[in-house]
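I opened my notebook to record what I looked up in this structure. My entries go from the whole chain down to single residues.

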Amino acid sequence: SALASELVAGADLHTPVTYRGVRLCLLICYDVEFPETVRAAALAGAHVVVVPTAQMEPFAFVAEALIPVRAWENQVYVAYVNRSGEEGDLRYVGRSSIAAPTGVVLDALPGTSSGLVVATVDTEVVEQGQRDNPYLADLRPELYQARRPS
């Protein structure tokens, strides 16, 4: 389509934006399905990774399982804002949520319902989590490089 020919992949990862003392990074849709993008946001200092998306059937497991794991493995909050409803042949899975650095879902919308998801972001929880679970400090990227099998 004409729109697809205008879309170009970005050349950089994220730069956090600070709002009221909270560092936010924005990913979109498919980005959160790659562990490296959320990890890069955490390494850049994000407290919260915000992910607006339009996830559709049959991928509800991304919202249900992957989002809390991304929060836990990076010790950041992940706010997953998904579309719900139908558009043509597409059925969006909804399930917007906010997961804490502990991997606990703080608030979520069930199924394809619409509404407001609310949680308190405590930057000290992020910092304490990263001290208690030093995954970011213990990384050894020299042992693995992004490469495809030959």
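This is a predicted model: local features need pLDDT of at least 70, side-chain atom pairs count only at pLDDT 80 or more; totals for chains, interfaces and linings use all residues.

**Whole chain**

Next I looked up the secondary structure and found four helices and eight strands. From the N terminus on, I read the order α-β-β-α-β-α-β-β-β-β-β-α.

**The six-stranded sheet**

I traced an open sheet in the order S1-S2-S3-S4-S7-S8, with mixed pairing. Which strands stand at the edges? I found S1 (17-19) and S8 (105-108) there; each has a single partner strand, so one side of each lacks a neighbour in the sheet. Neighbouring strands are turned by 20 degrees against each other on average, direction ignored.

I then looked at S3 (residues 48-53) and S4 (residues 77-82). They run parallel and are joined by six bridges. Val50 has Ala79 in S4 as its bridge partner. Helix H3 (residues 60-74) lies across S4, S7 (97-99) and S8, and runs at about 155 degrees to S4.

**The hairpin**

I turned to S5 (residues 84-87) and S6 (residues 90-93). Four bridges pair them in the antiparallel sense. Gly85 stands opposite Tyr92 in S6. Two residues lie between the strands of this hairpin, and Gly88 takes a positive phi near 60 degrees.

Definitions and conventions:
Residues are numbered from 1 along each chain as its sequence is written. Side-chain values use heavy atoms; hydrogens and water are left out. Two strands pair if DSSP finds at least two bridges between them. Axes are lines fitted to C-alpha atoms, for helices over the stretch in contact, and angles run from 0 to 180 degrees between N-to-C directions. Contact means heavy atoms within 4.5 Å.
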